[in-house]
Amino acid sequence: MPPLVFLLSTAVFAQGTSEFMLAGLLTDIATDLHTTVPRAGLLNSAFAIGMIVGAPVMAVATRQCPPRLALCSFLATFIAMHVLGASTNSYALLFVSRVVAAFANAGFLALTLAIVSASVTPDRLSRAVATILAGTTLALVVGVPLGTLVGTLLGWRAALWAVALLSVPALVAVASAAPATQDVRAMGSLATELAVLQLRSVQRVLVLCVLVNGATFCSFTYLAPVVTERAELQTAMVPVVLALFGLGALGGVRTAGRYGDRHARRVVSFGGTALLVGWCLFALLSQSPVAMLVFAFLQGGLSFALGSTLVSRVMRNAVGAPTMAGSFATASLNIGAASGPALGGVVYSSALGPIGPLAASAVLVGTALVASVLLT
């Protein structure tokens, strides 16, 4: 695996940490900026929307830029927005900084996927994509808890400063190692690339990305109530369950990287079926502490193994859209990451309570399996 892939994964780790960590600091932000918690929560929504819109927009904007210049510009902007957010006393400026940082993050991830797809042979594509997505997984497992801890102990501004500082070595590494020319990306016409992305084979996998990632974050966001309300465990067990989910996710990404190139179709079909059954059993057995711990680990692994494999299939099926395929994959993942928790909140507030998000995840995966057949 080229060393550049691991360097890019490090930067993705820093950016993934920023995307999710403010969720645990909303009360402090609201108090400090004299606003409400729901209004502070819009900072997370702003980042998610920025990722969805920013991926294709920034991919188009930087098509003619050398990869090194584009990647460094994205990272420098990302760092600058965190410095601005950590320094301001204005909610409006903080909101703007989150949107711009999300655009930079989306552009960086989309271009990263394009670069790694062009830098490795086809038989190593899944492994390269899995290495990049491992950065996001590590952000959930390690970065977000540490960022939240730093924010809790030293203030929410310190968490933003920490992400900015963490991104500086990544910027230096990318500046020295990223491709300086456009050779890694075939510069065809934008119209041709968009036509490729409209192919049924590409659209089908993008839809599956949205549904599977939506299912993942629908339940992941509401694992805490499952721990405390369904299994009736102490609040101290919540980080343990989240860590188990994250460890499973790391294992899933690793598995996808190892087998995704040779057995992608089997990973999607069998993995999707196992994921559906897993969410159903998780909902039914969530009152059992042992079952909850087991399924938190298994579902994390299955979710990310399937998600990583689907992203690599987008890149493989859309080889004729080298500069835009990564942006559409990035946007589809974030549509799922934004809509999944929203759906989970609706069903959690219903009579189903904490098992609602688990049941909703099963419905989303079931829909994905049906869609994979109907859209073939």
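## Val319 and the basis of the model

Val319 counts as exposed, with a relative accessibility of 65%, where exposed means over 50% relative accessible area, buried means under 20%, and partly exposed covers what lies in between (1.4 Å probe, protein chains only). Val319 sits in the loop that runs between α12 (289–317) and α13 (325–348); helices here are DSSP runs of H or I with at least four residues, strands are runs of E with at least two, and both are numbered from the N terminus. From the C-alpha of Val319 to that of Val238 the distance in space is 42 Å, and the two residues are 81 apart in sequence.

The structure is a predicted model, in which local features need pLDDT of at least 70 and side-chain atom pairs count only at pLDDT 80 or more, whereas totals for chains, interfaces and linings use all residues. Residues are numbered from 1 along each chain as its sequence is written, and side-chain values use heavy atoms, with hydrogens and water left out.

## Two salt bridges

The structure contains two salt bridges, a salt bridge being a side-chain nitrogen of Lys or Arg within 4 Å of a carboxyl oxygen of Asp or Glu. In one of them Arg157 pairs with Asp32, and the closest N and O atoms are 3.0 Å apart. This pair joins distant parts of the chain, with Arg157 in helix α7 (residues 156–177) and Asp32 in helix α2 (residues 26–32), 125 residues apart. Arg157 counts as buried because its relative accessibility is 19%, while Asp32, at a relative accessible area of 33%, is partly exposed.

Arg63 and Glu193 also meet through their side chains in a salt bridge, with 3.0 Å from N to O. Here too distant parts of the chain are linked, since Arg63 belongs to the loop between α3 (37–61) and α4 (67–87) and Glu193 to helix α8 (residues 190–197), 130 residues apart. Both Arg63 and Glu193 are buried.

## Surface patches

Patches are built from residues with over 30% relative accessible area and no salt bridge, like charges being joined within 9 Å and nonpolar side chains (Val, Leu, Ile, Met, Phe, Trp, Tyr) within 5 Å. Arg262 has its place in helix α11, and Arg262 is exposed because its relative accessible area is 61%.

A nonpolar patch on the surface is made up of Leu138, Val142, Leu146, Leu149, Leu153 and Leu154, which together have about 580 Å² of accessible area, as given by the Shrake-Rupley method with a 1.4 Å probe, where for residues only the protein chains shown count as cover. One of these residues, Leu153, lies in helix α6 (residues 125–154) and is exposed, with a relative accessible area of 62%.

## Covered parts of the helices

Helix α1 (residues 3–21) comprises 19 residues and spans 28 Å from its first C-alpha to its last, close to the 27 Å expected at 1.5 Å a residue; the expected span is 1.5 Å times one less than the number of residues in the helix. Helix α1 is mostly covered, with 15 of its 19 residues buried.

Phe78, in helix α4, counts as buried because its relative accessibility is 0%. The C-alpha atoms of Phe78 and Leu199 are separated by 33 Å, with the two residues 121 apart along the chain.

## Exposed loop positions

Gln198 is located in the loop between α8 and α9 (200–220), and at 60% relative accessibility Gln198 counts as exposed.

His34 has a phi near 55°, a positive value in a residue other than glycine. His34 lies in the loop between α2 and α3 and counts as exposed, at 75% relative accessibility. Glu232 likewise has a phi near 55°, which is positive in a residue other than glycine. The loop between α10 (223–230) and α11 holds Glu232, and this residue counts as exposed because its relative accessibility is 65%.
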